[in-house]
Amino acid sequence: AFTLSLRFAGGVERVPAPLSAMVLRLPAGLSIDLGGVGICQASRLRSRGAAGCSAASLLGRGRALLEVHAGSQTLPEEVTVAVFRGPSRAGDPTFEIFGHGETPLDESSVSTAVLQADRAPFGSKLVVSVPPIPTLVYEPDASFSSLSLTIGALAGRSRGAVSVPRSCPAGGFPFAAAFTFADHSRASAAARVRCP
């Protein structure tokens, strides 16, 4: 399995602007086994929620923490996240990321990620479009405070497993991310994971 954890900070009153897009760069050789994994349409997620898609299309789960403006207050919204395989685009695999929060707002959203080839030292990049997440009337859209996703290792299933590179480059496996926010600001991050 592969777990990705992100934390966002900064912005007005220490609340980041709403996230609109991100690009996650993955090390060469890291791959997801999509053999036998079903397809879930984003339209089904929007109309029926996670229950609208087959368990055979589920690739991972996670959690997110969002910040919701309510007048002079900022309230946390805990969100459960499920990742499904979506239909391919021009031969590239896609993933539908479904998030649902219940308190203080009962709100769902679907983000689409496209897995594309990338240049060295990376092997692929995940290009994610994040829709606005509306909150209260006249208030800004919700902002991400943190996000954690685990892909693969679902109970009793081998499909969707993550394969790691056979060799580790000097200095560890490289990861990088670039983020675009609704106010047009940008941020980036990079990390290396130690060789096992």
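## Pockets

Ala, Val, Leu, Ile, Met, Phe, Trp, Tyr, Cys and Pro count as nonpolar, Asp, Glu, Lys and Arg as charged, and the others, Gly among them, as polar. With that in hand, let's look at the open spaces of this predicted model. The largest pocket has 31 nonpolar, 5 polar and 2 charged residues in its lining. That lining comprises 38 residues, with Phe2, Leu4, Leu24, Leu26 and Phe175 nearest the centre of the pocket. The volume of the largest pocket is about 640 Å³.

The second largest pocket holds about 190 Å³ of space. Its lining is made of 15 residues, and Gly11, Val12, Val15, Pro16 and Ala17 are the ones nearest its centre. By class, these lining residues split into 8 nonpolar, 5 polar and 2 charged.

## The sheet

Now for the strands. An open sheet is built from 10 strands with antiparallel pairing, and their order is β1-β9-β4-β5-β6-β7-β8-β2-β11-β12. At its edges sit β1 (2-7) and β12 (186-193), each pairing on one side only. On average, neighbouring strands of this sheet are turned by 20 degrees against each other, direction ignored.

Within the sheet, β7 and β8 (residues 122-129) are antiparallel partners joined over 6 bridges.

## A closer look at Ser109

Strand β7, which spans residues 107-117, includes Ser109. Is Ser109 buried or exposed? Ser109 counts as buried because its relative accessibility is 16%, and the cut-off for buried is under 20%. Leaving aside residues up to four places away in sequence, Ser109 touches Ile97, Phe98, Gly99, Pro131 and Ile133.

Methods. Residues are numbered from 1 along each chain as its sequence is written. This is a predicted model: local features need pLDDT of at least 70, side-chain atom pairs count only at pLDDT 80 or more; totals for chains, interfaces and linings use all residues. Side-chain values use heavy atoms; hydrogens and water are left out. Helices (H or I, at least four residues) and strands (E, at least two) are DSSP runs, numbered from the N terminus. Buried means under 20% relative accessible area, exposed over 50%, partly exposed in between (1.4 Å probe, protein chains only). Contact means heavy atoms within 4.5 Å. On a 1 Å grid over the protein atoms alone, a cavity is a set of points where a 1.4 Å probe fits but cannot get out, and a pocket is an open set with protein on both sides within 12 Å along at least five of seven lines; lining residues have an atom within 4 Å of a point. Grid points are joined across faces, edges and corners, and a volume is the space filled by probe spheres set on the points. Two strands pair if DSSP finds at least two bridges between them. Axes are lines fitted to C-alpha atoms, for helices over the stretch in contact, and angles run from 0 to 180 degrees between N-to-C directions.
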